[in-house]
Amino acid sequence: MTTTASPRRPRKDAASNRADILAAAAATIARDPHAPIDAIARAAGLSRRALYGHFDDRDALLRAMILGGAERFNALADGVDDSGPAPLALARLALALWDGAADVQFAATVALDDSHIEETAAVLTPVRRRVLAIVTRGRDEGTIRTDMPAATVARLVEEAARTVITRLDTGRPEAASVAVRTILGVAGLGWREADEVLQGARA
């Protein structure tokens, strides 16, 4: 009689080790966006060979960071109250995502650079759908610009968000306000309107 061996279960500490490596990678890349795999391994307290037991290469490690960040962004977006006028919903969404990006700006910058933007856009599909839905509703309300298609406006909003996340110092006290005003401006609001909506989103 033959027996089938049950699949080997992952080591209990495998997930913890992986999380520790990702945390070490994030901290290392925050100091040096071009940090080599050896530096990341040292920061994690591992040899290069041990790190390769979890990730095939540096790109695989970066992809894991991007996926983790995208999942967090998608969850943040899912929890945003999008009731009320579309500009208010867009401002609330922008504030929530800005807070998430500010905590991990280095990872966000990596995720949104030209070499990873297509992959990032794919995993952020839920957020992008939410933006498009808000823009479409705003056009119907007459609260968001109608001089171009909704998909184009949504894409411009995404590009504006990408620019401010990667270019603006998130440590500045006014950074979140600048980010939201920029996004609302792209959506067609004047600066006075944007300021009023921002105040409402923070209320």
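I began with the crossing of α10 over α11, and found that α10 passes α11 in a right-handed crossing (right-handed if the near helix is turned clockwise from the far one by less than a right angle, left-handed if anticlockwise). The model is predicted, with local features needing pLDDT of at least 70 and side-chain atom pairs counting only at pLDDT 80 or more, while totals for chains, interfaces and linings use all residues. Residues are numbered from 1 along each chain as its sequence is written, and side-chain values use heavy atoms, without hydrogens and water.

I then looked up the geometry: helix α10 (residues 175–186) and helix α11 (residues 191–202) pack at about 125°, with axes 10 Å apart. That makes α10 oblique to α11 (under 35 degrees is roughly parallel, over 145 roughly antiparallel, 65 to 115 roughly perpendicular, the rest oblique). On the α10 side I listed Ala176, Ser177, Val180, Arg181 and Leu184, and on the α11 side Ala194, Asp195, Val197, Leu198 and Arg202, contact meaning heavy atoms within 4.5 Å. I noted that these residues divide into six nonpolar, one polar and three charged.

Next I turned to α9 and α10, which pack at an angle of about 155° with their axes 9 Å apart, and are therefore roughly antiparallel to each other.

Last, I listed the buried residues of α9 as Ala150, Val153, Ala154, Val157, Ala160, Arg162, Val164 and Ile165, buried meaning under 20% relative accessible area with a 1.4 Å probe, protein chains only.

Methods. Axes fitted to C-alpha atoms, helices over the stretch in contact; angles between N-to-C directions. Helix = DSSP H or I, 4+ residues; strand = E, 2+ residues; numbered from the N terminus. Nonpolar A, V, L, I, M, F, W, Y, C, P; charged D, E, K, R; others polar. Buried < 20%, exposed > 50% of the residue type's maximum accessible area, 1.4 Å probe, protein only.
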